[in-house]
Amino acid sequence: MSTPAAEETLARDRPLLERSGTAERVAEILRQRITEGVFPPGSRLSEPSISAALGVSRNTLRESFQLLAHERLAVHELNRGVFVRELTAQDISDLYVMRRVTECGALRRAAELSTVDLSAIEAAVREGRAAADEGDWQAVGTASIAFHQAVGDLADSERVSTTMRQVLAETRLFFVLAENTRAFFEPFLERHERILRDLERGRFGPAETALEQYLRDAEKQLLAAYGRRDS
């Protein structure tokens, strides 16, 4: 069920909506909050409380729920309501296949471009390191999502960027398995920095190789965490 903290967060999102907020915009806000962990896997998306927090009609909210269900972020359970989706081991493996294809492909595409803007990747690396220094591992996870979105954005393709947003929102559903721990997130900070250094030097091939291994290792860690949860 939506928590008071989640409702307060959504209430602060109301200015993001136009007076006649559309279902797409509502879905975008909910997708972002799922990505940030405001709504963890298995939590109920309360229609009355979210509708009130965002100041939108029930019909608009139901349309947004349908969009999230289409993106595999939410599920409707008969006579129970709408819930943030909980993923299986097969979901983890399949999603990481998609991530390797998309993110590594984005780096190959970036290597073909005359100019590449690395500012978003640099910002994500800074934010991740600052959050780690504060011991805020949930924020480190959020910075990691921003890093990978920025990698996808290097392809300079609206469709690739949109795909990455959806894929990374699903990925964030896995982070509940990691329990926002230093042991899980800290090694990936160093990999972010290594990939950024390669990109700054125009070494797209080594950056792609490092990224692919990074994603394979992350998949293994999440599958192991999933196995421990079910044991």
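Me: In this predicted model, a cavity is a set of grid points where a 1.4 Å probe fits but cannot get out. How many cavities of 30 Å³ or more does the count come to?
Reply: The rule asks that the probe cannot get out. With a cut-off of 30 Å³ or more, the count comes to one cavity.

Me: How much space lies in the largest cavity?
Reply: The lining of this cavity has 13 residues. The space inside the largest cavity is about 100 Å³.

Me: Which helices each supply at least two residues of the lining of the largest cavity?
Reply: Among the lining residues, Tyr96, Ser144, Phe175, Tyr214 and Ala218 lie nearest the centre. By class, the lining has nine nonpolar, three polar and one charged residues. The helices that each give at least two residues are H5 (89-110), H7 (137-153), H10 (182-200) and H11 (204-230).

Me: Is Glu208 buried or exposed?
Reply: The side chains of Glu208 and Arg108 meet in a salt bridge, 2.5 Å from N to O. This pair links distant parts of the chain, with Arg108 in helix H5 and Glu208 in helix H11, 100 residues apart. Arg108 counts as partly exposed because its relative accessibility is 45%. Glu208 has a relative accessible area of 17%, under the 20% cut-off, so Glu208 is buried.

Me: How many residues apart are Arg129 and Glu193?
Reply: Arg129 and Glu193 form a salt bridge, with the closest N and O atoms 3.0 Å apart. Arg129 is in helix H6 (residues 119-133) and Glu193 in helix H10, and the separation is 64 residues.

Me: About how many helical turns separate Arg216 and Glu212?
Reply: Their side chains meet in a salt bridge at 3.1 Å, N to O. Arg216 is partly exposed at 36% relative accessibility, and Glu212 is partly exposed at 28%. The two residues are four apart in helix H11, so the separation is about one helical turn.

Me: Which residue in the hairpin of S1 and S2 takes a positive phi?
Reply: Strand S1 (residues 74-77) and strand S2 (residues 81-84) pair in the antiparallel sense over four bridges. Glu77 has Gly81 as its bridge partner in S2. Three residues lie between the strands, and the one with a positive phi near 65° is Asn79.

Terms used:
Residues numbered from 1 in each chain as written. Predicted model: local features only at pLDDT ≥ 70, side-chain atom pairs only at ≥ 80, totals over all residues. Heavy atoms only, no water. Pairing = 2+ DSSP bridges. 1 Å grid on protein atoms, 1.4 Å probe; cavity = no way out; pocket = protein on both sides within 12 Å on 5 of 7 lines; lining within 4 Å. Points joined across faces, edges and corners; volume = space filled by probe spheres on them. Nonpolar A, V, L, I, M, F, W, Y, C, P; charged D, E, K, R; others polar. Salt bridge = Lys/Arg side-chain N within 4 Å of Asp/Glu carboxyl O. Buried < 20%, exposed > 50% of the residue type's maximum accessible area, 1.4 Å probe, protein only.
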